[in-house]
Amino acid sequence: MIEVQNLTYSYTGSTKIVFPDFSVKRGETCLLLGESGSGKTTLLHLLGGLLTSQQGNIHINGTDITALSEQALDNFRGEHAGFIFQKNHLIRALTVKKNLMMAPFLANKKQDDKRADEVLTLLGLIDKKNSRIQELSQGQAQRVAIARAIINKPHIIFADEPTSALDDANCNRVIKLLMEAASQNQSTLLIATHDQRLKSHITMNVQLSNSQH
Amino acid sequence: MSTFSLVWNYLKSKPLNMALNITLLSLGIAVITILLLFSSQLEQKINQNAKSIDLVVGAKGSPLQLILCNIFHIDFPTGNIKLNEAERIAHNRLVKKAIPLALGDSYQDYRIVGTTQDYATLYEAQLSQGAWWNKELEAVVGSNTASMLNLKIDDSFVSNHGLTKEGGQHEEQHFIVKGILKPTSTVLDNLILTSVESIWKVHEHVENTIDEVRSDKSESNQHDSTFTASSLVPSIAGGDSTKEITSMLIQYRSPMGAVMMPRLVNSQSNMQAASPAFETARLFTILGVGVEIVLGFAYVLIFISALSIFIALYNSLKERKYDLAIMRTMGASRSNLFVTIVLEGSTLTLLGSIAGLFMGHGTLLLLAALIDDVQKAGVNGFVFYITEWWILGGSLTLGFICSLLPAIQAYRTDISRVLAEN
């Protein structure tokens, strides 16, 4: 499903990050662990096609995404990927439901009301369907972000520090929901984090070293 | 979701901003619309009213005043001219038609014009009811006059001396409405027409004292053995030296008239000729300055609104950079973001200009309903011009221009960097 080989990335200047080779199969959940500055976010962005100009290969579903054009990467993300970040990054001008609908709209997929209700029910947000983002608690907002990431049933869910800002109770709830949603759709789940709490939920991990050349 | 619904939700999330931008732009557009409607209709009216008249001959004074008074019936007469002198001009072989006008009286601010039926024919006016006058003190009223003053056939009224309500009334003489004209959308709609003799009759008592002095002259006229009717006012003997009229409208027989007639008339000591074409052109030039100042003001308003829209979009990009980045992660392309921002600016200007057009037309409708003079001038809010499409198109372009820079910035969003910032 995901195969990373000889991947390095150079920032402007001379810092260069060398990533270990690894592969993740369909439906598996994997943590990308490392301290801040170790390149977790960079790796996640490279895998999600948000960042290019790397060296090495990233194969996803057999496609080498490092060879794709920017437009093809946009389509690739819409087709295969869902993203969750530390901050929820919900669009505050829109209601919960409309935020969800942005995902199929931008991916040129069918906007299915039933699917939206299904996802909101799964995440316990169905009564917040028409709420404004400002009215949600932090935990609720993060769950809306998860709903948005999974509504298109993506092959891969990329999560960047999804639980770092949450308290223990919310952290447990969010990670469980995330894993449940991923397994329902047979999605591969990649979580970049330094949050040690997640280790008790997910065993498979890729450790990024802080060694920069 | 759709691009438009996204844009609309963004606009709706800042209602005050949206209201300010739309209001600013709509004010500018409304001013332009009002000017457009007002000046186009006025120009059309003026040309319509003046189109078949080549020359106006009247007493010496301001030529513009002569035109304003005798064609548009807005200014006051320059004075009177002798009927026999007017006749001499009318007999010139370059003159195809000469129509006498006797002005100076009014009824409820609507002017009474002593003339011949030729005057109505000039504007292709037809009767909607009743008949033309054939006796003294019978009148035919314009369609607007009839409806505004609620005049019906066989109604009678007393005229005022002068062109305002303040003038003394000619109480002894009652006019009778004999006919009502169909609307012509010319100045005729707001007039009361009667024969020249009626005007003289009404003024007879005023001038009786003067007439006594002149009686020897008029008697000499009556003693003429061969009665040749005046070409202007057939009931009067040709060459009558006592009767006066206000002016005479002339149509030329050939273009040579335009060369010869004004000079011929102006060479006479107490008459002058004014060309409607020339004087209205001069009028437009005078009005043009005022119009341009107001227009300049409108453009300033529009410029400020464009600036305000630009600043609003530019500032909102700072708050929205995460929104833009997250949209990219969901599959939106750079051009999708560009289009979204441009659409936002254009929607604002489109709404602003539509609101402006409504305000413009609405203001004129209101003015026409509240102010008689606007209605008399024939200005109507329900007239639409092709230029208004240009206003709409122009404002869309304006929206595009002021959202271009923010849109380019959105296009250039570096998703990875924005998302890594926290």
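Colleague: In which loop is A:K153 found?
Modeller: This is a predicted model. In chain A, A:K153 is found in the loop between α5 and β8.

Colleague: What is the phi of A:K153 near?
Modeller: Most residues other than glycine have a negative phi. A:K153 is a residue other than glycine, yet its phi is positive. The value is near 50 degrees.

Colleague: Is A:K153 buried, exposed or partly exposed?
Modeller: Count the other C-beta atoms within 10 Å of A:K153: there are 14. Buried needs 20 or more, and exposed needs 12 or fewer. A:K153 is therefore partly exposed.

Colleague: How many helices and strands are there in chain A?
Modeller: Take the helices of chain A to begin with: there are six. The strands of chain A number 10.

Colleague: Why is chain A as compact as a globular protein of that length?
Modeller: Chain A has 213 residues, and the globule rule gives 17 Å for that number. The C-alpha atoms fill a box of roughly 50 × 35 × 30 Å along the principal axes. Chain A is as compact as a globular protein of that length because its radius of gyration is close to the rule, at 17 Å.

Colleague: What share of the contacts in chain A with a separation of 6 or more comes from residues 24 or more positions apart?
Modeller: On burial, 47% of the 213 residues in chain A are buried. For the contacts with a separation of 6 or more, residues 24 or more positions apart account for 72%.

Colleague: What does helix α6 of chain A reach from its first C-alpha to its last?
Modeller: α6(A) covers residues 168-184, which is 17 residues. At 1.5 Å a residue, 24 Å is expected. The helix comes close to that, at 24 Å.

Colleague: Which residue just after α6(A) takes a positive phi?
Modeller: Look just after the helix α6(A). The phi there is about 55 degrees, and the residue is A:Q186.

Colleague: What is the radius of gyration of chain B?
Modeller: Chain B has 13 helices and 12 strands. Its C-alpha atoms fill a box of roughly 115 × 45 × 30 Å along the principal axes. A compact globule of 422 residues would be near 22 Å, but chain B has 31 Å.

Colleague: What distance separates the C-alpha atoms of B:D323 and B:I99?
Modeller: B:D323 is found in helix α9 of chain B. It counts as buried because it has 25 C-beta neighbours inside 10 Å. B:D323 and B:I99 are 224 residues apart along the chain, and their C-alpha atoms are separated by 76 Å.

Colleague: Which strand runs parallel to β8(B), joined by four bridges?
Modeller: β5 of chain B pairs with β8(B) in the antiparallel sense over three bridges. β7 of chain B is also antiparallel to β8(B), with four bridges. The parallel strand is β6 of chain B.

Colleague: In which loop is B:L137 found?
Modeller: The phi of B:L137 is positive, near 65 degrees. B:L137 counts as partly exposed, with 19 C-beta neighbours inside 10 Å. Its loop in chain B is the one between β5 and β6.

Colleague: Which element gives the most to the side of chain B that touches chain A?
Modeller: In all, 19 residues of chain B are in contact with 27 residues of chain A. The elements giving two or more residues on the chain B side are α1, α9 and α13 of chain B. With five residues, the one that gives the most is α9(B).

Terms used: Residues numbered from 1 in each chain as written. Chains lettered and ligands numbered in written order. Predicted model: local features only at pLDDT ≥ 70, side-chain atom pairs only at ≥ 80, totals over all residues. Contact = placed C-beta atoms within 7 Å. Expected span 1.5 Å × (residues − 1). Pairing = 2+ DSSP bridges. Rg over C-alpha atoms; globule rule 2.2 N^0.38 Å.
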